[in-house]
Structure formats: C-alpha cells, structure tokens
Amino acid sequence: QVQLVESGGGLVQAGGSLRLSCAASRSIFSLDPMGWYRQVPGNQRELVATISSGGRTNYADSVKGRFTVSRDNARNMVYLQMASLKPEDTAVYYCNADFFSSRDGALYEYWGQGTQVTVSS
C-alpha cells in the first residue's frame, strides 16, 4: 500500500510554468512506472507522462517538449515540470504509481487525490 499526495497546482496565465510534486508514503524504488494523468470534467482521465524506475520517460503528444517528468527515488518524490502552459492544459492532475507484486502476481495501481491546474488565456 502507498499513499500519494500531489501539490503545486494553481492558477497560471498562458505561457507560464508550474511544477507539480507527488509525495509517496513509502519507498518508490519498486513503483514502476510512476507518472501523471489529467482529467477534465466529462472526459476520461488521460495520460500526461510516465517515468520508469530506470528513468525511461513517456509523454502524451500534446505535452511533448513542454512538460518534463522526473523522479527522486531517495526522497520518494515524482515531479512534473510544466512550461509554455496552454488553456487546454487546464485539468485536475493525478499522480499515479504501479506496483507489480511478485508474491501474488497482481498489478496494483495507486492514485493521489489530484491537484487542480487552471491556465487562463
């Protein structure tokens, strides 16, 4: 079991930057991958970016070149640096972590409560 707590959301003007943080309640070495998703009311939750335990990253096409995901295994933290923000980036952003249990062969998925990001035009 792991709890994820996001922070860093807020209101920013178009073209601005924000950094989201996700704090995990325990070691994240075995959480693979970790990442960020976002959701607009009425829409499905969509992938923003993920990062593997080895540092391999994956981004949605809509954020490539503008967002950067990173993780600090020593501090149990995952970050999303967002730049050149657009009004269409407005959403609730969720931290996500996957854990594969070799003991029972199950994949566990964990989510934070979300943090609101609003980009004004």
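Start with the sulfurs: searching the whole structure turns up 1 disulfide, meaning a pair of cysteine sulfur atoms within 2.5 Å. Before you click, note that this is a predicted model, where local features need pLDDT of at least 70, side-chain atom pairs count only at pLDDT 80 or more, and totals for chains, interfaces and linings use all residues. Residues are numbered from 1 along each chain as its sequence is written, and side-chain values use heavy atoms, with hydrogens and water left out.

Now select cysteine 22 and cysteine 95, which the disulfide joins at an S to S distance of 2.1 Å. Cysteine 22 sits in strand β3 and cysteine 95 in strand β9 (residues 91-100), so the bond ties together parts 73 residues apart in sequence. Strands here are DSSP runs (E, at least two residues), numbered from the N terminus. Look along the S-S bond: its torsion is about -80°, so this disulfide is left-handed.

Next, pick serine 7, in strand β1. How far is serine 7 from cysteine 22 in space, C-alpha to C-alpha? The answer is 6.5 Å, though they are 15 residues apart in sequence. Serine 7 is partly exposed, at 38%.

Finally, show β1 with β3 (residues 18-24): they run antiparallel, joined by 4 bridges. DSSP must find at least two bridges for strands to pair. Serine 7's bridge partner in β3 is serine 21.

Note on methods
Buried means under 20% relative accessible area, exposed over 50%, partly exposed in between (1.4 Å probe, protein chains only).
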